[in-house]
Every structure is written in structure tokens, then in C-alpha cells.
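Reader: I'm new to this one. Could you show me how to read it, one feature at a time?

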Amino acid sequence: MVMKPWKILIGLILVAAASIILALGSGSIRIGWAEILSGKASALDYELLLHLRLPRAINAFTTGALLAMSGALMQVLLRNPLADPYVLGLSGGASVAAIGAMILGFNATGTSIGAFCGAMLSMFLVFGISGFDRQSRLLLTGVILASGWGALITLILAISPEAQLRGMLFWLMGNLDNASSSYPGLIGLAAGLIFTLPIARDLNILSKGDHLAGSLGVHVSRVRLQIYVLCALLTSIAVMTAGSIGFVGLIVPHSLRLLGAGDHRILLPGAAFLGGAFLVLADTLARTLIAPQQLPAGVIMALIGVPMFLYLLAKSKMP
Amino acid sequence: MTCLLEARGLCVPAGEKWACRELDLCVRQGEKWGILGINGIGKTTLLHALCGLRQAQNGEIRLKGRLLSKMKRRDIARIAGILFQDSEDHFPATVLETTLIGRHPHISPWQWESIEDERIARESIKAVGLSGMETRRADTLSGGERRRLALATLLTQDPELYLLDEPTNHLDVRHQIEMLERLSLLAQNPGKALIMILHDPSLAARFCDRILLLFEDGHLLGSREDILTEANLSRLYHCRIASVEGPHGKIFFPA
């Protein structure tokens, strides 16, 4: 079950491209590719393609990519294979801020900005309380904070007027419906790749322990701080774009590890492509399965992802 | 001959106590140092301080004449390498991949391991007797095999100064002797030296030529003949130690 790392990366790029083409072509209105390519399509077709489906596909792709990358980073930072981008209570902080903003009557943009601020606040809280280089305290602090946020979310839901409840629940389940701007995601993705690829080999060693990494020439505290800030930023952007979508940050990096791409130089870009493609496909299904009604993309993703991942795990040689 | 590693007035705290105070040490090329002391005295702490993994309270350490505190981690890693007491495997990696990370300080951030790097790694794997296991997952190895894998990684790092924290941990008697003989041979190469923490004074008598004893209230260092005496070791371990003359030097045992 182990493939050549380079082949995995090339395969993933193709999968990502295919997922976006599929997303552009799927929907209640059929788009004639021949007309589009020959420039004879109607204005409506262009409008649909360029202003509805393309931004949505890009948002889905960047969100999935950012979450998968921060999942991989978080697993090294906490040296815990169970870590995901939300493990430090980040999505909880984002959720409280976002549904708080909804109650106060902010629009979609206000809610997104609220989510971003909530996520960053949550990260800095964990950081401030535990210190970023003490991983067991970091994990415990994050998990406890996450429970606190969870309680606050339930409290807000309990006292919210019924009219707003559905919108809040959809936000909490994660969805790409509210067509927020694509730029933060694209910038985040570029920044993530630019800042992690030069330290990818450091991460390989860091995952084997701080002392070993230090003895092999890794500036441990600097690299850890760098991962931490990047994780906070990437995850906050993802949460801002699509609400809280769990799961992708946990299973995408692990699937790649099971396929033999444990080297972070392959794993990080690979996670971006696979995570992105995965969410694009899940979102395409979510908006077409029982159209015109939309399902939460996070739910579809879990429904496909859980059996797929269990299959990979059962097939792997992991003891 | 100048010192490869030099410590002056070194004070290293270990918890509430001191691993060492006012330690002056000069490790020259070709020397094999043994550090002995009771559990928890701070041997590991001192070893980590000697390669900058831990801050010393006072004093200075120089590596090839350069002040350790002013050196980049990468530059330190090309000169001094350390074998840790334990290794961690949180994520799957093969024996070859694990060994290859030893090349890290020698290749630039954007560079990939070359064929030459892989050759060095394979040679190290062969040297520790793990040939044929290159594609095995490191976490499926036995305790002793993992110990030898950690040594293979250190050999791949190819430092000038080897710092070894209980290198014979987890090894059976044959592999203990083989490991220490291999390390002794290493120290004979030009420019190399090694410092190892040992718990068996007989192994220290056989494989080290310089000895550092860490007591609760100070330290003692010098040549093997001067330092490894029944009186010193009895004082070190708080129990009576006797010795007989063996084929490879003195053999110490609790009397």
C-alpha cells in the first residue's frame, strides 16, 4: 500500500483539478462546455460559472486545503496523531463569536469576521495560558477551553430565537453557501505553502522529539512558534470562509501517511491538494444530492470520509 | 593539542541541585571520556548542556574554540552529535528514513537527500548490523534494534564529537561490547572524540581513557588509572566496590 511519494503528489494534483472541473459542471442548470469554450454561451451561463460555481469551488478547495495543512502541522506541534486544527478549541472560539454576531444582527461578512477574530482569540488564549512549547499542557489547555466554548455554544443556541436557529446550526455544521470572498483563502493557501515548505524537513525531525531535532540543528523554539502562528492563521481563515468543518484536518494527513507520504515535503502540499479536492467533492454532492435543498458539506464529508479512512486503516500495515 | 570541546567554570543546574559546579573540562581529539554517577545526579543534564540543548547557569563552553552560546544550532550539529537515552516514534517511518535524518545539518533547507547521503545512511545501517531492515518500520523494531538504529542515525550525522547517553541501554552483552568497540574505533579516526555516560565501571575501565565522576558535592576527573579506583567508586555509588584485574583492564563489582 506504499506508493512513490512523487507519484502521490502528481496524482493528487490531477484529482484536485478533476474535482474542480466536476464542481463547475454540476448543478441544476447544465452548462454546455462546448459553448463556453467556443465563447458562444449565454451571459447567464458565464454568470453562473464565474460568479457562483467558481468562487464556491475555490472557497471549498482553499478551506479543505487550509484545514488539512493545519491538521498536519498541529499533529507535529502536539506530536499527537489525534490532533486536528480544532483540537485547541479554535473552532469553538470561532463558533461562539460567529453565532454571537448573528444574534447581534450582523450580516454574513460581519459573522465571518467575527469567526476569524474568535478563532484567533481562542488560539492566543491557549498560547497565553500554556506557553507554546509545552505540548502536554498545550493540548490539555486547548481541550478544556474547547469544552468551555462548547458549553457557551449550547447556551447561546438555547436562548436564541427560533428564527435564527437554523442559520446558526448551518454555520456550526459548516457550509459554503454564503459566498464569502475567495481572496483570504487563496492568500492563506499561498502563505501556508511558502512558509512551511522551507521548514518541511525540520518538521520531519521535530515529529521525533524536540531534543533530537535540536541536536540535529533545528531551531526548535523558532520552528514551533512558526507552526503555531501559521496554524492559527490558516485555521482562522478556513473557519471564516466556511464555518466549522471538522474531520478533514484529521483524516487527510493520516490518509497520506498511510499511503506512504509521511515526509512533510510531500505531506504538506499533498494534504493541501487532497483536503481541497475532498471538500470540493463533498460540497458538490451537498448542493446537488437533493437539490434545490442544500446539505451541510461537513456532514457529507464525514459520511464519505469515515468508511474510506477505515478501509485505508484496515488495509495498512500499521501495527 | 587544542580542545575539541572546552568547558570553563561550568555550572549546570539539575532541578534543585547542581549537575556540576565550576567544571573545567578539555576534551581533545582521539579521547574517550566516560561519565559516571548515581541515578539522578545530572549526567544527562550535563551532556545536554555540553551541546547547547540546555542552558548553563554560569561558565562557558567552546566547541573547536567557538563559543557555543554564539553558534547556530546547525553549525553545532555538524560538530557535536548526541545519542539520546530514548527515541520517540509518533509517526510511521522506515529504518532508512529514520537514519537519513542524520544528514539534516549537512544539507540546505531546499535540498533533498542526495544519492551520496543515502549511501552514507545505508553504510551506517550496515555498521550497526541492521542490514536488510532498511524498509522495516522503525516502530516494529525491538528495543535493542531501535538503540542501534539511533546509533546509525548518529553515525549518519557524522559529527566530530559523539555524546552518548548510556549507549549500552537495551543491548544484550554481545551487542554492548560490539557497540562500544565500534565507538572506540570511531574515536581513533582523525578529529573524533567521544563522551559517554556509563553505569558499568568495568566497561568504562575497558573502553574509556578519561573519566569524569559526578558526586553530590563536586566532581573528579582525570585519567582512567587515577580515577577508577575502589575508593572513588565506593564513595560514588555509596556501597563498597571491589575490583580484580581482568583481561581488558580492571573489573569492578559490589563487594
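Author: Let's start with Lys192(B), which counts as buried because its relative accessibility is 10%. Buried means under 20% relative accessible area, exposed over 50%, and partly exposed in between (1.4 Å probe, protein chains only). This is a predicted model: local features need pLDDT of at least 70, side-chain atom pairs count only at pLDDT 80 or more, and totals for chains, interfaces and linings use all residues. Residues are numbered from 1 along each chain as its sequence is written, chains are lettered from A and ligands numbered from 1 in the order written, and side-chain values use heavy atoms, with hydrogens and water left out.

Reader: Which side chain does Lys192(B) meet in a salt bridge?

Author: A salt bridge is a side-chain nitrogen of Lys or Arg within 4 Å of a carboxyl oxygen of Asp or Glu. Here Lys192(B) pairs with Asp158(B), at 2.8 Å from N to O. Asp158(B) is partly exposed, at 38%.

Reader: How many salt bridges does the structure hold over all chains?

Author: There are 21. One of them joins Asp210(A) to Arg79(A), with the closest N and O atoms 2.3 Å apart. Asp210(A) is partly exposed at 23%, while Arg79(A) is buried at 7%.

Reader: And Lys40(A): buried or exposed?

Author: Exposed, since its relative accessibility is 70%. Contact means heavy atoms within 4.5 Å; leaving aside neighbours within four places in sequence, Lys40(A) is in contact with Glu35(A) and Tyr46(A).
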